Amino acid sequence: MAGVKGQVQQRGVARRRAMVDAAIELFARQGVRGTGLAAIAERAGATPSALIHHFGSKDGLVRAVLEEADRRALERLSVPRDAEPTLDQAFDWFVRDAEHTAATDGRLAALHVTLTAENLEPGSALHTWFRDRGRALRGHLAALFTRAVADGSARAGLDPEVLAAETAAFLEGAHLLWLLDPERVDLVALHRGYFEGLSARLRP
């Protein structure tokens with residue numbers, strides 16, 4: 001019985017993954033508002049009722065997609081959730097993430113931009129999720145710069161909060177420019193140049 005139960009669970013995980021993958025593709029192409037559950041279910045080889053069974057609602061599916069995108073990024077870079085990287089490590093992670101995005105997974109970057117734009121207004125379904133995610137990113141960056149000043153790898157007198165906001169703005173803006181004009185904007189070169197310049201600015 002244990003073996004049968006394990007097989008059922010594996011099939012459930014595989015079906016859920018197929019639904020998330022289908023949602024990523026359609027949300028990135030059409031936006032959340034322009035994509036119905038029926039279209040996602042059809043692409044995943046499932047039924048709308050199966051989607052509801054796994055995610056509870058369309059909003060639940062969207063949250064699962066966003067969480068999966070973050071999970072994939074951390075897994076791809078081998079970054080523990082509680083990591084406290086050095087400046088060099090963190091900057092290397094950002095560049096490697098840009099390399100992966102440019103080479104293989106632009107869908108997730110497009111999805112992030114699309115969903116952010118759709119949820120700018122307070123009260124929209126995912127406004128709080130994106131706001132809190134942005135705050136968390138800036139918090140991690142501010143902590144990174146604070147540690148760098150404390151360990152001597154960055155000069156004293158820096159404002160970690162300002163640097164965190166600047167870096168977050170670069171990351172968001174770089175992906176938007178690249179998505180709009182990938183033939184003219186080199187995402188990887190843009191990241192390398194920015195973080196090399198930032199590193200030089202921060203040196204003691």
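**Entry 1: phenylalanine 195 and the cores**

I began with phenylalanine 195 in this predicted model, and, leaving aside residues up to four places away in sequence, I found that Phe195 touches Phe91, Phe94, Val95, Thr167, Phe170 and Leu171, where contact means heavy atoms within 4.5 Å. I then looked up the largest nonpolar core, which has 27 residues, and noted that Phe195 belongs to the group that touches the most other members, together with Leu87, Phe91, Phe145, Leu198 and Leu202. A nonpolar core is here a set of buried Ala, Val, Leu, Ile, Met, Phe, Trp, Tyr and Cys residues joined through side-chain atoms within 4.5 Å, and buried means under 20% relative accessible area, exposed over 50%, and partly exposed in between, with a 1.4 Å probe and protein chains only.

The elements giving two or more residues to this core are helix 5 (87–103), helix 7, helix 8 and helix 9 (187–202), and I noted that helix 8 supplies the largest share, seven residues. I also listed a second, separate core of 26 residues, whose members include Ala41, Leu66, Leu108 and Trp129.

For the record, I number residues from 1 along each chain as its sequence is written. As the model is predicted, local features need pLDDT of at least 70 and side-chain atom pairs count only at pLDDT 80 or more, while totals for chains, interfaces and linings use all residues, and side-chain values use heavy atoms, with hydrogens and water left out.

**Entry 2: the chain as a whole**

I counted out the elements next: the chain has nine helices and zero strands, helices being DSSP runs of H or I with at least four residues and strands runs of E with at least two, numbered from the N terminus. Along its principal axes the C-alpha trace spans about 60 × 45 × 35 Å, and of the 204 residues 38% count as buried. Among contacts with a separation of 6 or more, I found that 67% come from residues 24 or more positions apart.

**Entry 3: helix pairs**

I described each packed pair by the angle between the axes and the distance between them, the axes being lines fitted to C-alpha atoms, for helices over the stretch in contact, and the angles running from 0 to 180 degrees between N-to-C directions.

Helix 7 (residues 127–151) and helix 8 (residues 160–180) pack at about 125°, with axes 8 Å apart, and are therefore oblique to each other; angles under 35 degrees count as roughly parallel, over 145 as roughly antiparallel, 65 to 115 as roughly perpendicular and the rest as oblique. On the helix 7 side the contact is made by Leu137, Arg138, Leu141, Ala142, Phe145 and Thr146, and on the helix 8 side by Pro160, Glu161, Leu163, Ala164, Ala165, Thr167 and Ala168. By class this contact has nine nonpolar, two polar and two charged residues, with Ala, Val, Leu, Ile, Met, Phe, Trp, Tyr, Cys and Pro taken as nonpolar, Asp, Glu, Lys and Arg as charged, and the others, Gly among them, as polar.

The axes of helix 5 and helix 7 come within 10 Å and cross at roughly 145°. Here Leu87, Ala90, Phe91 and Phe94 of helix 5 meet Leu141, Leu144, Phe145 and Ala148 of helix 7, and I classed the contact as eight nonpolar, no polar and no charged residues.

Helix 2 (residues 37–44) and helix 3 (residues 48–55) pack at about 95°, with axes 8 Å apart, and are therefore roughly perpendicular to each other. Their contact joins Leu37, Ala38, Ile40 and Ala41 of helix 2 to Pro48, Leu51 and Ile52 of helix 3, with seven nonpolar, no polar and no charged residues.

I looked up leucine 111 in helix 6 (residues 106–118) and, at 1% relative accessibility, recorded leucine 111 as buried. Leaving aside residues up to four places away in sequence, leucine 111 touches Ile24, Phe27, Ala28 and Val65, and its C-alpha atom is 7.5 Å from that of glycine 31, 80 residues apart along the chain.

Leucine 180, in helix 8, counts as exposed at 67% relative accessibility, and its C-alpha atom is separated by 9.6 Å from that of alanine 110, 70 residues apart along the chain.

Proline 182 lies in the loop between helix 8 and helix 9 and is partly exposed, with a relative accessible area of 48%. The C-alpha atoms of proline 182 and alanine 102, 80 residues apart along the chain, are separated by 8.8 Å.
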